Amino acid sequence: MQRTFAIIKPDAVRKQAAGQILARIEGAGFAVRALRMIHMSKPEAEGFYHVHRDKPFFGGLTDFMSSGPCIVMCLEAPDAIRQWRDLMGATDPAKAAPGTLRKDFGASIDNNATHGSDAPETAAFELGYFFRGMELR
Ligand code: ATP
Ligand code: MG
């Protein structure tokens, strides 16, 4: 078993797609190990996406991530990091395969509905950024 960190981003929460996305997560066989709705401040979003701080889209990305509530989760499954990224689809919804969450719920590369960790080290950092030990047993 492996754990990954996932977000239902503010655009998906705003369009009331969170329930449908959660159903797809459970339907794909992930166990939801932790879940909380939060509204990130701009500095919290900057800390979360610090690896992108030198990118041209950093300001827009962190404005978006702090624009409204999102749902943060710990998902568990065999090969969860890769499985979750496969279910999300490509970063740009226009390039995402049919049947993926970003294809079905994303509107553009900056409003792309979901986030997923890209490696075990980032999953560990991201889970620790949002969840305290006693929330993650
Ligand atoms: P995420 O980290 O959100 O799961 P990802 O790993 O598929 O997405 P990253 O390269 O880590 O993609 O980029 C983080 C986020 O920054 C993307 O989800 C997207 O919203 C935004 N982003 C990435 N590239 C661009 C770009 N060229 N223009 C605008 N926004 C971008
Ligand atoms: Mg990423």
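Start with one atom pair. An oxygen atom of ligand 1 lies 2.8 Å from a polar backbone atom of Ile109. Keep in mind that this is a predicted model.

Now the side chains. Asn112 puts a polar side-chain atom 2.9 Å from an oxygen atom of ligand 1. For Arg102, a polar side-chain atom is 3.2 Å from an oxygen atom of the ligand. On its own, ligand 1 has 570 Å² of accessible area, and the protein covers 78% of that.

How many residues surround ligand 1? The number is 13. The closest are Tyr49, Thr91, Ile109, Asn112 and His115. Sort the shell by class, and you get four nonpolar, five polar and four charged residues.

Next, the space itself. Which pocket does ligand 1 take up? It is the largest pocket. That pocket holds about 550 Å³ of space. Its lining is made by 23 residues. Nearest the centre of the pocket are Tyr49, His52, Phe57, Leu61 and Thr91.

Which elements give two or more residues to that lining? Look for helix H4 (58–65), strand S4 (114–116) and helix H7 (120–130). By class, the lining of the largest pocket has eight nonpolar, nine polar and six charged residues.

One last thing to find on your screens. Tyr49 and Thr91 are among the residues closest to ligand 1, and both are also among those nearest the centre of the largest pocket.

Methods
Residues numbered from 1 in each chain as written. Chains lettered and ligands numbered in written order. Predicted model: local features only at pLDDT ≥ 70, side-chain atom pairs only at ≥ 80, totals over all residues. Heavy atoms only, no water. Near = heavy atom within 4 Å. Polar contact = N/O pair within 3.5 Å; in protein donor to acceptor, adjacent residues only side chain to side chain. Areas by Shrake-Rupley, 256 points an atom, 1.4 Å probe, with all protein chains shown as cover. 1 Å grid on protein atoms, 1.4 Å probe; cavity = no way out; pocket = protein on both sides within 12 Å on 5 of 7 lines; lining within 4 Å. Sits in = over half its atoms within 2 Å of the grid points. Nonpolar A, V, L, I, M, F, W, Y, C, P; charged D, E, K, R; others polar. Points joined across faces, edges and corners; volume = space filled by probe spheres on them. Helix = DSSP H or I, 4+ residues; strand = E, 2+ residues; numbered from the N terminus.
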